[in-house]
Amino acid sequence: MRTVPIVLAGRGPVGRQFTELIAERGEQWRADHGLDLRVVAARGRERERIGREEGPLTDLAGLLERTGAEVFAQAVPSDGDPRAADEALTALRHGAHLVTATKSHLLAHWTELAAAATGSSVRISAATGAAMPAGDLARSVLRGFDVRSVSGCLNGTSTFVLDRLAEGADLPSAIAQAQRSGIAEADPTADLSGTDAATKFRLLAALLWGWDPATTRFEGEPIAEPLPAVPEGGRLRHIASADRDEPGVVRVRLRAADGALAALRGPDKAVRYDCGEAGEIVLSGGRSSPRGAALSMIKDTIGALLESTTGFR
């Protein structure tokens with residue numbers, strides 16, 4: 001049995017679910033994988049808990065040394081706080097695997113994180129689709145499949161709102177319903193502008209083709225009334241896309257969808273990979289919730305520990 005000390009950054013909904021899942025299902029993972037996962041410290045914005053003791057934040061490098069942490073799990077807001085990048089780099093330089101649901105530092109510091117991960121893995125599934133493993137396909141599963149393009153709907157709020165508009169609601173009412181349902185944030189701007197979907201696709205393109213997210217351009221068409229017309233029986237979707245032969249550009253457009261993208265309902269997500277001679281591969285499903293994101297982080301933790309990978313690969 002291998003005991004795995006974990007330092008967790010983030011004590012919000014995803015971080016709490018991460019800790020609760022280990023308490024609830026630790027025995028299962030010990031039996032299935034021979035891994036005894038233990039959160040030995042949980043850090044918030046100003047305080048941390050080590051074991052049962054609560055106190056002010058301590059130096060992360062020292063904490064990693066004292067606890068012997070093998071994994072640094074990160075579930076802090078993607079608000080651009082430079083501490084997220086600083087702590088991720090610190091963890092990698094101390095030999096810990098990085099498992100993160102945080103997007104902002106991946107966008108701005110991808111190359112630095114890759115360079116710092118000389119013997120550790122960086123896993124980002126929760127940042128690219130919550131419980132839907134779109135990042136796993138891009139990172140390794142489709143390796144050798146000659147992926148030519150990727151497209152899809154990775155923002156549940158936009159799909160929900162577009163379906164309410166198709167039913168006759170106006171935009172403010174559709175947004176309010178999404179917020180009451182717990183699907184939309186209090187400020188849905190990033191969802192409706194396409195920025196959130198583009199962020200996820202910038203990360204997928206980095207995994208697929210090595211694009212630097214910091215220099216990948218976003219071209220977006222926001223959800224706004226009046227909406228474009230769609231054919232009878234069609235479904236309007238906010239579709240993000242990136243093409244290998246047009247490097248450095250991610251687009252999010254309002255388009256009539258077909259297949260799996262048209263079939264999406266509520267906050268569901270789907271991503272479609274054009275794999276050339278291997279055909280089209282479509283992935284959908286996976287819970288979009290704090291628990292879904294936390295489960296994705298657990299999956300990434302187990303993968304980082306059991307697979308011999310370094311950096312984003």
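Tutor: Leaving aside its neighbours within four places in sequence, Arg123 is in contact with Leu98, Val99, Thr100, Arg139, Asp300, Gly303, Ala304, Glu307 and Thr309, where contact means heavy atoms within 4.5 Å. This is a predicted model, so local features need pLDDT of at least 70 and side-chain atom pairs count only at pLDDT 80 or more, while totals for chains, interfaces and linings use all residues. Residues are numbered from 1 along each chain as its sequence is written, and side-chain values use heavy atoms, with hydrogens and water left out.

Arg123 sits in strand β7; helices (H or I, at least four residues) and strands (E, at least two) are DSSP runs numbered from the N terminus. With a relative accessible area of 2%, Arg123 is buried. Here buried means under 20% relative accessible area, exposed over 50%, and partly exposed in between, using a 1.4 Å probe and protein chains only. The side chains of Arg123 and Ser121 are joined by a polar contact of 2.8 Å, and the Arg123 side chain also reaches the backbone oxygen of Gly303 at 3.4 Å. A polar contact is a pair of N or O atoms within 3.5 Å; within protein, one must be able to donate a hydrogen and the other to accept it, and residues adjacent in sequence count only if both atoms are side-chain atoms.

Ala130 has a positive phi of about 55° although it is not a glycine, and at 13% relative accessibility it counts as buried. Asp146, in the loop between α5 and β8, also has a positive phi of about 55° without being a glycine. As background, most residues other than glycine have a negative phi, and most peptide bonds are trans. The peptide bond from Glu225 to Pro226 is cis, with omega near 0°, and Pro226 lies in the loop between β9 (217–220) and β10.

Next comes helix α6 (residues 156–166): 10 of its 11 residues are buried, so it is largely enclosed by the rest of the structure. What covers the buried residues of α6 includes β8 (149–153), α7 (171–180), α8 (189–193), β10 (235–243) and β11 (249–257). At the start of α6, a side-chain oxygen of Asn155 reaches to within 3.2 Å of the backbone nitrogen of Thr157. Just after the helix, Gly168 takes a positive phi of about 115°.

Now for the nonpolar packing. A nonpolar core is a set of buried Ala, Val, Leu, Ile, Met, Phe, Trp, Tyr and Cys residues joined through side-chain atoms within 4.5 Å. The largest has 51 residues, of which Ile124, Val150, Val271 and Tyr273 touch the most other members. Helix α9 (residues 195–209) gives the most to this core, with 10 residues. A second, separate core of 23 residues includes Phe18, Ala73, Met297 and Ile302.

Helix α9 also has a helical partner. The axes of α4 (residues 104–116) and α9 come within 9 Å and cross at roughly 25°; axes are lines fitted to C-alpha atoms, for helices over the stretch in contact, and angles run from 0 to 180 degrees between N-to-C directions. The two helices are therefore roughly parallel, since angles under 35 degrees count as roughly parallel, over 145 as roughly antiparallel, 65 to 115 as roughly perpendicular and the rest as oblique. Leu106, Leu107 and Trp110 in α4 meet Thr199, Arg202, Leu203, Ala206 and Leu207 in α9.

Lys200 also lies in α9 and is buried, with a relative accessible area of 9%. Its side chain makes a polar contact of 3.0 Å with that of Asp196. Beyond four places in sequence, Lys200 is in contact with Lys103, Ala127, Thr128, Leu154 and Lys269.

Lys269 leads us to Ser284 as well, which touches Met132, Lys269 and Ala270, not counting residues up to four places away in sequence. Ser284 belongs to strand β13 (residues 280–284) and counts as partly exposed at 47% relative accessibility.
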